[in-house]
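User: Hi! I'd like to walk through this structure with you, one question at a time. Could you start with the term we need for strands that lie side by side?

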Amino acid sequence: MRLTTGAVALALALTAAPACADAPWMNPALSPDARADALEAKLDEAQKISLLHGRFALAAYYGAFAGDAPPSIPGAIGSSGYVPGIPALGIPALQETDGGLGVSDAMDEAWNTGATPLPANLALAASFDPALARATGDVAGQEAWRRGFNVLLAGGVNLTRDPRGGRNFEYLGEDPYLAGTLDGQLIAGIQAQHVVATLKHFAFNDKESNRYADDALIDEASARESDLLAFELAIEGGAPASVMCAYNLVNSAYACGNDHLLNDVLKHDWRYPGWVMSDWGAVHSAKDALAGLDQESGEDYDAQVFFGTPLADAVKTGEIPQARIDDMVHRILRSMFATGLFDHPPVKTPIDYQADGLAAQHEEEEGLVLMKNDNILPLTKDTPRIAVIGGYANVGVLSGGGSSQVIPDVPAQLLPTVFMGEGLAGNHTRAVIDPDAPLAAMRDLAPNAQFRFDPGNYPSAAAQTAKWADVVVIFARKWQTESQDVPDLTLPDGQDAMIEAVAKANPHTIVVLETGNPVQMPWLNDVAGVMEAWYPGGNGGHAIANILFGVVDPSGHLPMTFPRDETQLPRPILSGQDAAGQVTSTDYNIEGADVGYRWFAARGLSPLFPFGFGLSYTSFGFSHLVLSDQHGLTASFDVANTGKLPGAAVPQLYLTARNGAHTLRLVGFSRIPLAPGETQHVTLTIDPRLLADFDAKADDWQVAAGSYSLSLASSAADIDETGSISLPAARIAP
Ligand code: BGC
């Protein structure tokens, strides 16, 4: 049951705040900017400064690192962040919570109530479904609001430039158009619940090794055409109230003190009206305000509270103009008004975990990717003997670690890991297993089958169980966490050897991967089926079982290339390892804007599985591609379900050549559910920036006149049909 919140909340807001006559900013008929102006006129300097910095709201608890008491910062609910409000003027406090995959509870505090663990955002990206992104944002935003939070630190869109990256599972893959489009919808969903979303981590925080001091080097045009394009599209699609700047340096200036990124790109070129908040411990000076930083978050992590007294002093000495302070405050207030923080403050209300769990399940069902199927799937319910091996499949499904960690409403299993890192996320020492066991869900779907479970710890024992069975389903897992990359693409803990031994004992073996990144598959030729379930979320066991048994057709498509091994990567050796506090650098100029599949195409490399790849239990045909340039470039084509089962097709459109020169860029996609035999005509409108080059000198996008080839495809490596069209030259403002 979902409760309607608007009326109750509005009443509460209006009683708590000053009446409209003396408080014109409480009049919702005025624009957010006008309301912010009216309110700011009432603030003295100390009140203004108080809005520009905030605490890590678990600081007290975290410091003690034990105990069940709620945090001792007065007024704070207790979570990632807290900026006190000004009650006399009706300004609500900012109660900030992570995270990107639902309301997080990284420290598993005893007083903290539950939340629905959503699947890794890679599952969302794999759905290629903007409507699903919007619905997912609705769930996350709604749960935050019902818990009393008005800021969700969610909306991460860093590109997968390295498949060893510790936080890739929180993001949306390697393609800027796919990631930016979906992230925009995710953000729109969160904010529709009157909760601020935070687009992060701006920018090039594409890996975790030495994340506090790694310098991302990249030329301007490549930056705009890759990671920055993902941020730009997410802002256009979702209008996030805030943007979080990253820990790392970008072209030798810290991201939170980066005048070019924050002032030139974000605020000038993109006309971003919201506020820039720092990552926790990412501020280096009060002067970062001049570079475009508007608010210091998690000040407990900085060397000092730079945006407190030092900032106020810098205004007094004239080092920082008063107008900058006023602008910082304006950006925060107008965004709070725009998102409804004054008019619809959170009301603590029960969460419908059942409905939200089903939403998480649906997300996983759309995002699970079937990668190999030698006529073994879907499983039939009358299979006599099924062996289930490994991955804690008798208990639940794996989730990723770090500040995005959700602890589900029902008790989860916490597994010790060997990791104890530095900084804020350094204490996340346990992998969390969400308690929806695939084994139980499989038993429910095949009540007459006999099941045996083996934990997969010993290859010989697992092989013995496999010999007994008609079909074997192995669950393989790889835990990843914020603040640590993995050294390579292998599965840990001897799982590859276990899979080899099982496949040798029984070739009717399917491997279900629960990973936050691509992995190598040395056993690929020896198994009959493979699926990538990512981190499957709170109802993940049911989602996986439904796909194994064909209750749901698999329709996910890889949002990142699966390399054969690290030698195919732009940087076979991960930079920034063992840096011990030194500034290191990562040269993204090696691949520039050729991220992921574009790197593979440019180098003529053949991956293990290409971007966009995903199988189904039915089959699809794409045909009759027609390109037209009447009102902007459009591509129309037919999509048919040529098989015997209902399913969803994911046609992809790539730019494959410009004036005869080969290139590869995703410029359009769709997700079309189709009944068997059904055909739908689809028209996609192409964003001209995806055809253009960014001209750093002219500071605009330039489409060269000439011939453009676009290909209709089922992955970056499987082209069905190509058409060409001649386009006039065009320039597009950034
Ligand atoms: C992470 C952010 C997070 C913040 C607050 C930082 O360490 O990088 O993503 O929002 O902590 O928990």
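Analyst: Happy to! Two strands pair if DSSP finds at least two bridges between them. Please keep in mind that this is a predicted model.

User: Thanks. Which residue stands opposite Asn 373 in strand 18?

Analyst: Let's look at the pairing of the strands. Strand 10 covers residues 369–373 and pairs with strand 18 in the antiparallel sense, over four bridges. Within strand 18, the residue opposite Asn 373 is Gly 529.

User: And what is the bridge partner of Ile 510 in strand 18?

Analyst: Here we turn to strand 17, residues 509–515, which runs parallel to strand 18 and is joined to it by four bridges. The partner of Ile 510 in strand 18 is Gly 529.

User: Are the residues of strand 18 that point one way and the other way buried or exposed?

Analyst: Strand 18 spans residues 529–532. Gly 529 and Met 531 point one way, while Val 530 and Glu 532 point the other way. On either side the answer is that they are all buried.

User: Let's move on to the cysteines. Is the disulfide of Cys 245 and Cys 256 right-handed or left-handed?

Analyst: The structure holds one disulfide, with the sulfur atoms of Cys 245 and Cys 256 2.1 Å apart. That is within the 2.5 Å cut-off for a disulfide. The torsion about the S-S bond of Cys 245 and Cys 256 is about 105°, so the disulfide is right-handed.

User: Where in the chain do Cys 245 and Cys 256 lie, and how many residues apart are they?

Analyst: Cys 245 belongs to strand 6 (residues 242–245). Cys 256 sits in the loop between strand 8 (253–254) and helix 10 (259–269). The pair links distant parts of the chain, and the two cysteines are eleven residues apart.

User: Is Cys 256 buried or exposed?

Analyst: Buried means under 20% relative accessible area. Cys 245 has 0% and is buried. Cys 256 has a relative accessible area of 1%, so Cys 256 is buried.

User: Now the aromatic rings: why is the pair of Phe 56 and Tyr 301 edge-to-face?

Analyst: A pair of aromatic rings is described by the distance of the centres and the angle of the planes. The count comes to 16 aromatic pairs. For Phe 56 and Tyr 301 the centres are 5.1 Å apart. Planes over 60 degrees apart count as edge-to-face, so the deciding value for Phe 56 and Tyr 301 is the angle between their planes, 65°.

User: How many residues apart in sequence are the parts that Phe 128 and Phe 669 tie together?

Analyst: Phe 128 and Phe 669 form an edge-to-face pair, 5.5 Å centre to centre with 90° between the planes. Both are buried. Phe 128 lies in the loop between helix 5 (121–127) and helix 6 (130–146) and Phe 669 in strand 24 (residues 661–669), so the parts tied together are 541 residues apart.

User: Finally, the ligand: which residue has a polar side-chain atom 3.1 Å from an oxygen atom of the ligand?

Analyst: Of the 14 residues around the ligand, Asp 98, Arg 167, His 201, Tyr 247 and Asp 279 come nearest. Polar side-chain atoms of His 201 and of Asp 279 each lie 2.7 Å from an oxygen atom of the ligand. The residue with a polar side-chain atom 3.1 Å from a ligand oxygen atom is Glu 482.

Notes: Residues are numbered from 1 along each chain as its sequence is written. This is a predicted model: local features need pLDDT of at least 70, side-chain atom pairs count only at pLDDT 80 or more; totals for chains, interfaces and linings use all residues. Side-chain values use heavy atoms; hydrogens and water are left out. Buried means under 20% relative accessible area, exposed over 50%, partly exposed in between (1.4 Å probe, protein chains only). Rings of Phe, Tyr and Trp (its six-membered ring) pair if their centres lie within 6.5 Å; planes under 30 degrees apart count as stacked, over 60 as edge-to-face and the rest as tilted. A residue is near a molecule or strand if one of its heavy atoms lies within 4 Å of it. A polar contact is a pair of N or O atoms within 3.5 Å; within protein, one must be able to donate a hydrogen and the other to accept it, and residues adjacent in sequence count only if both atoms are side-chain atoms.
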